[in-house]
Protein chains: 4
Amino acid sequence: MQNFKAILDEIYADAKRAKEKGTVASYIPELAHVDENNFGIHLRTLDGFEYGVGNFDTIFSIQSISKVLALSKAMALIGESVWERVDVEPSGSPFNQLALLEIENGIPRNPLINSGAIVISDILLTHLKNPKEDFLNYVRELASDPNIYYNLEVARSEKNTGFKNYAAANLLKSFNNLVNPVDDVLDFYFHQCSIEMTCNQISDAFFFLTNKGNCLTNTAHLTGAQAKRIIAIMLTCGFYDEAGEFAFEVGLPGKSGVGGGIVALLPNHFVITTWSPGLNKKGNSLLGMQALEQFTTKTKLSIF
Amino acid sequence: MQNFKAILDEIYADAKRAKEKGTVASYIPELAHVDENNFGIHLRTLDGFEYGVGNFDTIFSIQSISKVLALSKAMALIGESVWERVDVEPSGSPFNQLALLEIENGIPRNPLINSGAIVISDILLTHLKNPKEDFLNYVRELASDPNIYYNLEVARSEKNTGFKNYAAANLLKSFNNLVNPVDDVLDFYFHQCSIEMTCNQISDAFFFLTNKGNCLTNTAHLTGAQAKRIIAIMLTCGFYDEAGEFAFEVGLPGKSGVGGGIVALLPNHFVITTWSPGLNKKGNSLLGMQALEQFTTKTKLSIF
Amino acid sequence: MQNFKAILDEIYADAKRAKEKGTVASYIPELAHVDENNFGIHLRTLDGFEYGVGNFDTIFSIQSISKVLALSKAMALIGESVWERVDVEPSGSPFNQLALLEIENGIPRNPLINSGAIVISDILLTHLKNPKEDFLNYVRELASDPNIYYNLEVARSEKNTGFKNYAAANLLKSFNNLVNPVDDVLDFYFHQCSIEMTCNQISDAFFFLTNKGNCLTNTAHLTGAQAKRIIAIMLTCGFYDEAGEFAFEVGLPGKSGVGGGIVALLPNHFVITTWSPGLNKKGNSLLGMQALEQFTTKTKLSIF
Amino acid sequence: MQNFKAILDEIYADAKRAKEKGTVASYIPELAHVDENNFGIHLRTLDGFEYGVGNFDTIFSIQSISKVLALSKAMALIGESVWERVDVEPSGSPFNQLALLEIENGIPRNPLINSGAIVISDILLTHLKNPKEDFLNYVRELASDPNIYYNLEVARSEKNTGFKNYAAANLLKSFNNLVNPVDDVLDFYFHQCSIEMTCNQISDAFFFLTNKGNCLTNTAHLTGAQAKRIIAIMLTCGFYDEAGEFAFEVGLPGKSGVGGGIVALLPNHFVITTWSPGLNKKGNSLLGMQALEQFTTKTKLSIF
């Protein structure tokens with residue numbers, strides 16, 4: 001067995017020495033004020049090993065990482081019907097997402113870009129009794145941790161600045177690909193993005209995807225095939241315009257968030273979560289990407 | 001002098017005999033329920049002649065025809081500054097307007113497409129004290145007729161179905177090309193579109209454009225250069241994707257609305273307004289287009 | 001009657017004083033080496049007046065001005081069938097013409113953009129016995145002047161650098177909108193663009209468009225309706241991305257070429273041609289645009 | 001150890017029973033005339049096992065499968081410099097590739113779409129002494145088999161119908177992303193696509209990618225990192241608009257060709273090649289996709 005602890009310590013040490021830390025997201029004050037020196041990493045393996053270094057136990061805004069959990073809940077609720085309303089292919093360039101949506105008649109390319117996640121939110125809104133409460137409880141259950149919350153300030157700020165999301169949602173609505181009112185869907189969507197978790201909690205919550213759909217307490221949340229479907233989407237669509245680069249550099253399915261978090265996993269082996277708020281030019285955590293690249297290089301554990 | 005009366009009577013007789021009447025707009029109930037057999041035409045010349053036939057005195061929803069009057073008011077208020085926020089070029093294909101807006105960084109191609117008119121609404125909202133009241137009074141003044149009103153049912157229906165307009169407005173907002181809140185701008189915009197006027201009232205209201213900016217009561221509302229600017233925009237951008245066809249078939253600057261109205265004019269000569277609710281495939285009044293084509297052919301009065 | 005001579009002399013004097021002259025096209029050496037101080041203007045009216053100032057009698061590369069004459073010949077040959085293969089609407093932004101062509105399944109937006117003119121060349125190639133010879137003779141006939149020639153150096157240079165045109169032609173071919181081999185069509189197209197004429201010759205050649213299809217020697221080359229169709233297209237599509245601006249500033253249908261020439265006309269009144277090699281940012285002759293704007297302002301002869 | 005033989009036999013039996021076989025490509029006669037009943041599959045593992053069933057020893061047109069080998073040769077020749085001229089990200093929708101190329105200034109999204117492969121051909125043309133001969137020898141060397149040839153008829157047919165490729169190449173040239181003449185680059189490109197190989201030969205030729213760059217005779221053709229780079233690109237970009245679907249259904253990096261071949265591999269484990277000429281709607285071999293899906297399901301050998 002590998003000395004994961006030593007490897008993670010080494011990665012942490014390198015990260016602390018890094019000069020270039022990227023740029024913290026600044027479109028809402030709650031993200032802009034996060035200290036760029038934060039760096040956390042947490043690993044959980046299928047065979048029970050667990051270890052965290054640095055700020056692995058500090059909460060941060062998970063942002064788009066929530067898209068994977070929302071998709072998972074939607075699949076649990078309505079199964080394959082999800083794919084009638086959203087595709088599973090990479091989206092290409094990110095700068096003209098509305099154009100793409102317009103050309104493709106309101107069917108988002110995949111559930112991990114904003115327009116796709118908005119459709120997923122619409123599905124959840126229809127099928128959950130108390131959408132916000134139920135979804136939060138779902139995340140808590142996955143992570144086996146009741147101490148996970150929405151950050152209402154963040155949700156409110158997202159709402160006040162999220163004009164592109166309003167544009168996308170209204171375009172979806174014009175193509176009849178939203179059932180619920182735009183405001184309700186986006187309110188729920190912004191709440192999902194505002195969830196705050198630690199690296200540790202994220203590793204725990206994503207454990208079920210490496211474990212054929214069964215969470216830490218061994219409850220089945222998805223079938224093995226459904227978990228595999230989500231992992232395949234993370235692999236091809238999880239990193240915006242950097243999916244190809246990430247597949248090569250890191251070689252793991254994963255998902256990043258603008259709050260600086262990245263979760264990645266090797267099916268049947270482990271989940272690993274990093275947090276460093278500074279982003280590279282493509283909007284993914286700079287040091288997080290480097291840490292994951294180091295991890296797969298040193299452990300030789302990747303899909304390749 | 002030509003026998004305009006005889007020519008208009010002839011055109012009216014032809015229109016009543018027409019088998020193909022196009023398709024009445026059906027996206028909101030208020031438009032869908034309009035009787036397709038309505039046909040009105042009204043002419044007013046600069047030298048004082050005036051004549052109407054058919055339903056020229058029946059009110060209908062002026063819809064996009066309002067965009068010209070909104071533009072005119074905006075130019076009266078802030079002059080050339082309008083062009084810092086909207087361009088004056090034709091927009092090409094209509095089916096990907098959001099894509100175009102996205103590529104061109106939130107600057108609409110011209111003030112007569114929806115996104116451009118939304119920016120104009122934002123300008124008016126900023127510079128008018130009581131926007132809805134003031135704008136309605138402006139139209140009444142231009143037409144020398146106090147009996148012009150918003151149709152609040154229409155405004156409400158537009159609001160409930162206007163998702164593409166919400167998408168456009170939010171996209172504009174994301175590019176910082178809207179100052180006021182999206183909802184306020186669109187509420188005002190939908191009210192403008194809901195104005196109801198007769199052919200006669202429209203001819204009267206647009207008279208100032210053929211008359212170097214001076215309305216029927218000889219009040220100056222624009223400079224001659226400003227009126228010319230608006231006429232040039234009507235010529236190149238007034239008919240969505242049929243601008244080229246209209247320039248050829250009719251040879252007049254004009255503007256159509258989805259309610260079936262068309263206003264056209266020859267500078268220094270006349271204004272003519274037609275109304276027939278059935279639309280052709282490109283969204284312009286079918287019989288209205290034909291009537292105007294007949295008019296310029298018979299009178300030989302066109303820009304050519 | 002106006003003192004056209006005095007007005008043209010004045011315009012010429014102003015042009016010679018101008019500090020800003022724009023930038024001479026440099027993508028082929030033959031254009032790059034033209035002296036930017038050239039300025040010519042020539043007017044011909046329907047009632048027989050004619051006057052030229054400056055370099056109005058110097059030949060220059062007519063470039064895209066040839067597109068109007070090619071269209072005219074195609075209409076003379078096959079009439080309305082032209083419109084089965086090319087549309088008559090403005091093209092919107094010029095920077096993504098291939099994208100537009102791709103989306104619109106190989107039907108160019110109008111015959112005055114490159115892809116449209118390539119389709120027109122294909123039509124001519126099919127219907128002319130000796131395409132290059134016949135087309136040149138057509139232009140000579142229109143201008144009543146046998147001394148008009150292709151510049152073979154220019155045609156060759158265009159061919160060696162015209163990769164975007166090759167891309168467009170091949171795309172048209174892939175959509176089955178070219179009958180003849182790509183190389184043959186482009187060879188003919190580049191020859192057309194390479195024609196050299198003086199302002200005087202251009203005014204003479206375009207005379208038939210202001211004269212209901214009848215050229216200087218009163219030979220009918222088009223019907224009145226066909227001439228009107230071409231004029232309508234010049235009005236809405238003649239100036240790339242500056243059609244709206246030109247319609248306002250100048251108020252005449254016209255066509256510009258990258259060689260610095262502009263021809264404009266008022267139906268039933270006059271043709272006017274300017275030449276100044278420096279271009280503005282949108283690719284139209286800077287001083288030529290200004291000269292035409294002055295002309296319509298001073299003479300009050302425009303479509304408005 | 002698994003009973004691969006039994007599994008492949010089973011897959012073969014299922015394929016022979018299949019009613020739906022997809023549609024054979026028909027844009028050139030040489031492909032159109034291939035018998036749709038052909039079905040071959042061949043497996044080679046890193047530890048020396050090898051087995052083929054059906055028409056695994058019949059040659060077919062490898063088409064786009066050649067793009068991977070061309071990329072590999074380019075990386076062997078100039079290393080990371082390749083990425084200055086082509087990106088490594090998925091391309092999204094395939095129907096507007098020229099639009100994408102235009103918007104992204106002539107940098108193809110990845111080397112496995114046509115425009116990207118054309119750039120790679122240009123690189124090879126510059127760096128190989130006798131490009132066609134050298135490249136063929138490279139493929140022969142990789143496969144340890146001198147009996148591999150271009151099909152000159154196919155190359156000629158591709159040339160005569162490949163207008164979209166000519167359009168792409170000329171567009172690349174207009175952006176200065178082709179060094180050599182368009183015709184030379186495409187001639188070489190069409191030759192590459194015309195190579196004919198058997199499933200067995202393809203498995204052998206691609207062996208080096210699963211084996212850290214070392215071919216069957218243990219010659220190093222790429223570094224381990226370079227092989228990994230190519231595998232990552234196959235994973236995210238190998239199946240046009242079906243990359244996401246393939247990642248999920250099959251879970252292997254791979255590449256398909258319009259001739260009906262698919263090669264897929266699991267790093268450090270095996271290469272598998274299928275051939276069935278009928279294509280699904282997205283242009284990938286219908287039965288080949290199904291066979292690979294069965295293979296990874298039955299063997300549980302995938303990247304997940």
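**Exercises on symmetry, contacts and charge**

Over all chains, the structure holds 40 salt bridges, a salt bridge being a side-chain nitrogen of Lys or Arg within 4 Å of a carboxyl oxygen of Asp or Glu. The model is predicted, so local features need pLDDT of at least 70 and side-chain atom pairs count only at pLDDT 80 or more, while totals for chains, interfaces and linings use all residues. Residues are numbered from 1 along each chain as its sequence is written, chains are lettered from A and ligands numbered from 1 in the order in which they are written, and side-chain values use heavy atoms, without hydrogens and water.

**Exercise 1.** Determine how chain D is related to chain A.

*Solution.* Step 1: superpose the copies by least squares on the C-alpha atoms of residues with pLDDT of at least 70 in both.

**Exercise 2.** State whether chain A and chain C are joined or apart.

*Solution.* Step 1: take contact as heavy atoms within 4.5 Å. Step 2: no contact joins chain A and chain C, and their closest C-alpha atoms lie 9 Å apart. Step 3: chain B and chain D likewise do not touch, with nearest C-alpha atoms 9 Å apart.

**Exercise 3.** Locate the salt bridge between Asp9(A) and Lys5(A).

*Solution.* Step 1: the side chains of Asp9(A) and Lys5(A) meet at 3.5 Å, N to O. Step 2: both residues lie in helix α1 (residues 4-17) of chain A, 4 residues apart, about one turn of the helix. Step 3: such helices are DSSP runs (H or I, at least four residues), numbered from the N terminus.

How values were computed. Helix = DSSP H or I, 4+ residues; strand = E, 2+ residues; numbered from the N terminus.
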